[in-house]
Every structure is written in structure tokens, then in C-alpha cells.
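Please look over the chain shown below. A short report on its fold follows.

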Amino acid sequence: MGFVSRPSGVAQDDSGAQPKPTHLAPAPPNSDATASEIPRSDKYVDKLLRAAEPLPPISWSNWRKQIRWFNLSVIVITPLLALYGAATTNLDSRTLWFSVFYYVFNMIGITAGYHRLWSHRAYNASKPLEYFLAVAGGGSVQGAIWWWARGHRSHHRYTDTDLDPYNAERGFWWSHVVWMLVKPRIKPGPADISDLRKNAVVQWQYRHYFAIALIWGIIIPTVIPGYFWFDWRGGYFYAGFFRIVAVHHSTFAVNSLAHWLGESTFDDKHTPKDHLLTAFVTLGEGYHNFHHQFPMDYRNAVKWYQWDPTKWFIAVCNRLGLASHLRVFPEREIDKGRLTMQLKRFKAKQDMLEWPMDSNDLPVINWESFKEQSETRPLILVGGFIHDLSSFMDQHPGGRGLLSSNVGKDATTAFLGGVYEHSHAAHNLLAMMRVGVLFGGLEHVSEIVVPPGQRLRVVNYGVEI
Ligand SMILES: [Zn+2]
Ligand SMILES: [Zn+2]
């Protein structure tokens with residue numbers, strides 16, 4: 001029967017004819033399950049986690065076997081060499097500028113190559129551009145494209161779960177660097193990388209990764225300052241090791257800082273955030289909330305003034321004919337996400353305010369009782385609602401006299417323009433003084449029933465977001 005699952009509710013017909021639709025089974029009685037309330041046991045991530053065989057917790061007796069010693073060496077030795085070099089080597093200004101240039105070159109390899117091209121297929125790259133990005137990214141010494149993109153796809157697919165290799169829920173430092181230094185307790189969740197297996201450049205870079213990392217990570221940045229302005233030592237330490245450390249931690253910041261600092265502009269279900277600071281240190285990858293919502297978009301920043309040099313680089317490559325099929329999500333879908341978050345903030349504010357009592361929660365009083373109670377306190381009828389103005393008599397901008405003359409009476413016409421056409425603020429304030437509903441007196445003055453402050457509301461349909 002194969003392994004392609006059929007959508008439920010569609011009949012199976014072995015004759016080969018078109019499948020006939022059938023009716024969905026009715027929900028069991030008292031079932032409150034909805035599409036958004038799938039039991040946890042049915043969720044794919046939970047199934048994978050149940051089937052996972054986690055490694056034992058790291059302890060004093062097993063930690064030596066649990067460390068990824070090669071990664072640890074690279075992460076620890078490079079900054080030590082960079083610091084030693086900085087303390088013992090003069091910084092030539094030409095070497096400084098070359099190091100900055102080389103940093104940008106490596107970062108472009110990571111952001112435009114490893115990330116947006118190979119992890120997300122956000123655009124198509126010509127072969128020359130692919131090779132350029134493969135060596136630029138290889139020179140940043142953070143693994144081959146294949147390994148990097150595979151982990152990143154798991155990160156997107158299982159964000160904030162134990163199947164996410166750099167799960168931000170485990171803390172800032174875990175997502176920044178610690179995840180690389182120990183063997184994962186649970187293997188990263190499965191991700192489809194069949195396209196990378198077929199990609200000639202990815203495979204070429206994987207086969208020659210260590211040579212590429214050595215040549216483009218250390219040898220070239222040493223030789224260029226050495227050959228052209230005789231600063232071999234400066235090239236080795238500043239353009240080599242210092243720059244590698246900077247590229248490392250800039251990239252790592254996408255997993256840590258971008259999941260920790262900033263705003264949830266498009267969705268707040270998970271940890272990714274948007275922040276200018278993160279964008280500055282990552283060549284534009286700091287609009288990470290956008291990126292997790294619209295991962296195949298070649299942009300991370302959607303506004304022209306937001307800092308996203310990686311996007312500009314891809315756009316220039318497109319102009320030069322080196323990149324094509326730049327993918328963008330429909331603008332309306334981006335607007336929906338942004339609007340939802342804005343409405344959510346409005347709703348939180350709306351929920352914090354005090355609102356008038358609903359007519360269903362107020363006592364129903366007949367005309368005689370209203371008249372009688374008006375003898376002892378200033379009750380006024382407006383739009384079928386009875387209001388107690390005790391606290392407002394001396395605060396009425398039109399004076400106490402106007403109110404006094406309407407106590408015990410229906411002041412609807414006077415309130416709505418017969419004497420003075422009151423402001424929306426006055427409508428809202430009046431509604432806060434409701435104490436009852438006149439028996440049979442509500443329907444015909446709908447203008448009063450819903451005060452202006454309640455005519456536009458943010459409401460949830462179904463499940464909270
Ligand atoms: Zn992320
Ligand atoms: Zn990504």
C-alpha cells in the first residue's frame with residue numbers, strides 16, 4: 001500500500017476511479033477537541049521526543065566522553081591566539097581595514113550562502129556565485145555547508161524544542177556556543193536535505209572542507225597583508241585569528257541574541273526577535289522574528305531603511321545576473337502577521353481598562369421604582385439605562401443645575417443633542433455610571449447601548465494566540 005497517507009475523510013477506492021468524498025465522522029459527545037487543541041501525544045515533535053534515546057546527563061564521571069573536543073579546541077584556541085597576537089603585534093591600519101573587509105567577505109559567505117541560499121533556498125545562485133560563497137563561508141571556519149544547513153533546518157522546524165540543536169529555551173549561552181561543545185543529549189530532529197546531497201558545490205566543499213578552511217581561513221588573510229605591505233604577523237593574528245573569532249561570535253549571535261533581544265513583530269509563539277543591534281552584528285540577520293515566520297524570503301529586513309546588507313548583496317548579484325528567482329512572501333501575509341501582533345498589544349491594553357457594566361449584569365427596574373429611588377439619589381435615565389450621578393453632579397462641565405433638572409426623568413433627548421450634543425468622551429463616562437436598566441426601555445436607543453469607546457473592539461475567535 002505504500003507510505004503515502006491519505007487525507008482523512010476521503011474514501012479509498014481500489015478500482016482506480018476518482019476517490020469519492022465521504023462525510024467526516026461526527027465529533028464524539030462532549031468532545032472539546034479542535035484543530036488547535038490536538039492532544040500533545042499526537043504532535044509530531046512529541047512523538048519524536050518519546051522515541052528519542054537521549055544520552056545520559058553530563059556528570060563528573062562521563063564528561064570527557066561527552067565533550068566535542070575538536071569544536072572546543074577551535075572555540076577556545078582561536079580567541080587565545082587572537083588575544084596573544086593583539087598583545088604582541090602592532091596593528092597596521094592597512095591590516096585593520098583588510099581584516100574588516102575579510103570579516104565582511106566571510107560573513108557574506110555565511111549569511112548569503114550557508115544561511116539564505118543553502119539552508120533556505122531563498123534564491124537561485126549561479127555556479128560562480130555558489131563557489132564564491134562556498135569558499136567565503138568555508139574561510140569562516142564553522143563547519144561545512146552540509147552540516148551547518150542541516151542543523152539550521154532542524155532549528156527552524158523544531159524551534160524552541162529539544163529537537164532544535166540550538167534551542168533558545170535552554171538559555172542564552174547554550175544557544176550561543178555551548179550546544180557545539182558537547183554531544184547533543186537528543187539528536188537534532190530530522191530535516192530534508194536531499195537537495196544538498198545533489199548540489200555539486202555543497203558536495204565539493206564538504207570533500208575539501210579542511211583545505212578550504214585552512215587556505216581561506218588562515219593562509220590567504222596572512223599572505224595578502226604579508227605580500228603587499230610586509231605585515232605577515234599582523235595578517236596572521238588580526239586578519240586571521242581575530243577575524244575568525246569575530247565571525248564566529250557574530251554568527252552565533254543569530255542563535256542567541258536574535259532569540260533573546262528585541263520585539264516579536266510578526267509572531268510571539270516562539271523566541272525569535274527583531275532588533276537593530278543584532279542586525280548590525282550579523283550583516284542583517286537581526287530581523288529574526290520576520291525570518292522565522294517567512295524563512296524562504298531572501299530578505300530579513302523588509303523596510304528599505306532597515307539594516308540588511310545581505311539582502312542588498314543578493315539584490316546586487318541579481319542585477320549582475322549572478323542570482324535569480326529571489327523569493328519574497330506576499331506582502332499581505334507579512335501585513336497580517338504584523339497586524340496580529342499590533343492587535344494583541346491593543347487587546348492587552350483593552351483588557352487592562354475598566355469598562356461599563358453589561359446590560360445583562362444590571363438589575364432591571366420599572367418606571368415607578370426608578371421615580372421613587374430618584375427621590376433619594378440623583379438617578380437619570382438615558383437610552384434605557386439608569387445612571388447614578390452622585391459622584392458627578394459637581395463635575396458636570398454644563399453645571400449642576402442642568403443635571404438636577406433631569407433627575408428622575410428620561411434625559412435621552414437632552415443628552416443626545418436636545419440640550420447639548422455630548423462628546424464621545426461624555427458617552428463613555430456616562431456609561432460608567434450605569435446602575436440599572438429600565439424595564440422595556442432599551443431597544444430604541446442603540447446609540448447609547450454601545451458607548452463609542454466600545455464600538456471598536458479586539459476580540460479573540462476561538463483559541464488565544
Ligand atoms: Zn533562529
Ligand atoms: Zn534561518
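## Elements and overall form

Helices (H or I, at least four residues) and strands (E, at least two) are DSSP runs, numbered from the N terminus. By that rule the chain has 20 helices and 6 strands. The model is predicted: local features need pLDDT of at least 70, side-chain atom pairs count only at pLDDT 80 or more, and totals for chains, interfaces and linings use all residues. Residues are numbered from 1 along each chain as its sequence is written, while chains are lettered from A and ligands numbered from 1 in the order in which they are written.

The C-alpha atoms fill a box of roughly 100 × 75 × 55 Å along the principal axes. The radius of gyration, taken over C-alpha atoms, is 33 Å. A compact globule of 465 residues would have a value near 23 Å, by the rule of 2.2 Å times the number of residues to the power 0.38.

## Burial and contacts

A residue is buried if 20 or more other C-beta atoms lie within 10 Å of its own, exposed if 12 or fewer, and partly exposed in between; C-beta atoms are placed from the backbone. Of the 465 residues, 34% count as buried.

Two residues are in contact if their C-beta atoms, placed from the backbone, lie within 7 Å. Among contacts between residues at least 6 apart in sequence, 67% join residues at least 24 apart.

## Annotated transmembrane regions

An unreviewed UniProt entry annotates residues 69-87, 99-117 and 209-230 as "transmembrane region". UniProt positions are given in the numbering used here, feature names are shortened, and annotations may be inferred rather than shown by experiment.

Residues 99-117 are 100% helix and 0% strand, with end C-alpha atoms 25 Å apart. Residues 209-230 are 95% helix and 0% strand, and their end C-alpha atoms lie 29 Å apart.

## Helix 4

Helix 4 covers residues 93-119. Its 27 residues should span 39 Å at 1.5 Å a residue, and the 36 Å between its end C-alpha atoms agrees. The expected span is 1.5 Å times one less than the number of residues.

A kink of about 25° is centred on Gly113. The bend is the angle between axes fitted to the seven residues ending at a residue and the seven starting there. Helix 4 is largely enclosed by the rest of the structure, because 20 of its 27 residues are buried. Arg121 follows helix 4 and has a positive phi, near 50°.

## Two loop residues with positive phi

Asp160 sits in the loop between helix 6 (145-157) and helix 7 (172-181). Its phi is near 70°. Asp160 counts as partly exposed, because it has 19 C-beta neighbours inside 10 Å.

His325 lies between strand 2 (323-324) and helix 15 (331-352), also in a loop. Its phi is near 50°. His325 has 11 C-beta neighbours inside 10 Å, so it counts as exposed.
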